[in-house]
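Here are a few friendly notes to read alongside the model.

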Amino acid sequence: LLEDAKQQLFDKFKQRSEDIIFSSLPQNMQLEYQKKEFKKVLRIAAILLKRDPLHESALLYSIHAYNQLNDYENLSKIYAKFIMEYRRTMGEDYKHSLEALLSRNV
């Protein structure tokens with residue numbers, strides 16, 4: 001929201017708006033998954049991962065949505081991107097394999 005606006009006048013408004021939006025996205029992602037709206041799930045997860053590249057719930061919903069859509073190429077790509085970012089940020093390997101995440105319920 002107003003990502004490119006650099007004026008301090010908007011900083012407090014931007015932060016408050018983002019907090020409201022981002023606090024509701026995980027619940028919306030879960031609801032859309034339950035409704036089998038997998039493309040909507042992927043859009044929400046992408047927003048969450050842009051703000052927080054280590055958002056594990058967004059990763060989990062993404063890989064399950066891609067699996068439901070039989071899009072194994074993007075499923076592998078998002079997992080690979082996540083584990084690379086995790087290693088870079090945390091200085092250690094991500095402890096959950098793709099197979100383990102796919103076997104978990106969302």
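1. Leaving out residues up to four places away in sequence, Glu32 touches Glu37, Lys40, Val41 and Ile44. Please keep in mind that this is a predicted model. Glu32 itself lies in helix H1.

2. Is Glu32 buried or exposed? Its relative accessibility is 13%, and the cut-off for buried is under 20%, so Glu32 counts as buried.

3. Now to the core. The largest nonpolar core has 27 residues. Those with the most contacts inside this core are Met29, Leu48, Leu59, Ile63, Phe82, Tyr94 and Leu101. Which helices supply at least two residues each? They are H1 (11–34), H2 (38–51), H3 (56–68), H4 (72–90) and H5 (98–103). As general background, nonpolar side chains tend to be buried together in soluble globular proteins.

4. Leu48 is worth a look in your viewer. Not counting residues up to four places away in sequence, Leu48 touches Phe22, Leu25, Pro26, Met29, His55 and Ala58. Of these partners, Met29 is also listed with Leu48 among the core residues with the most contacts.

5. Ile63, another residue on that list, sits in helix H3. With a relative accessibility of 0%, Ile63 counts as buried. Setting aside neighbours within four places in sequence, Ile63 is in contact with Leu75, Ile78, Leu98, Leu101 and Leu102.

Note on methods. Residues are numbered from 1 along each chain as its sequence is written. This is a predicted model: local features need pLDDT of at least 70, side-chain atom pairs count only at pLDDT 80 or more; totals for chains, interfaces and linings use all residues. Side-chain values use heavy atoms; hydrogens and water are left out. A nonpolar core is a set of buried Ala, Val, Leu, Ile, Met, Phe, Trp, Tyr and Cys residues joined through side-chain atoms within 4.5 Å. Buried means under 20% relative accessible area, exposed over 50%, partly exposed in between (1.4 Å probe, protein chains only). Helices (H or I, at least four residues) and strands (E, at least two) are DSSP runs, numbered from the N terminus. Contact means heavy atoms within 4.5 Å.
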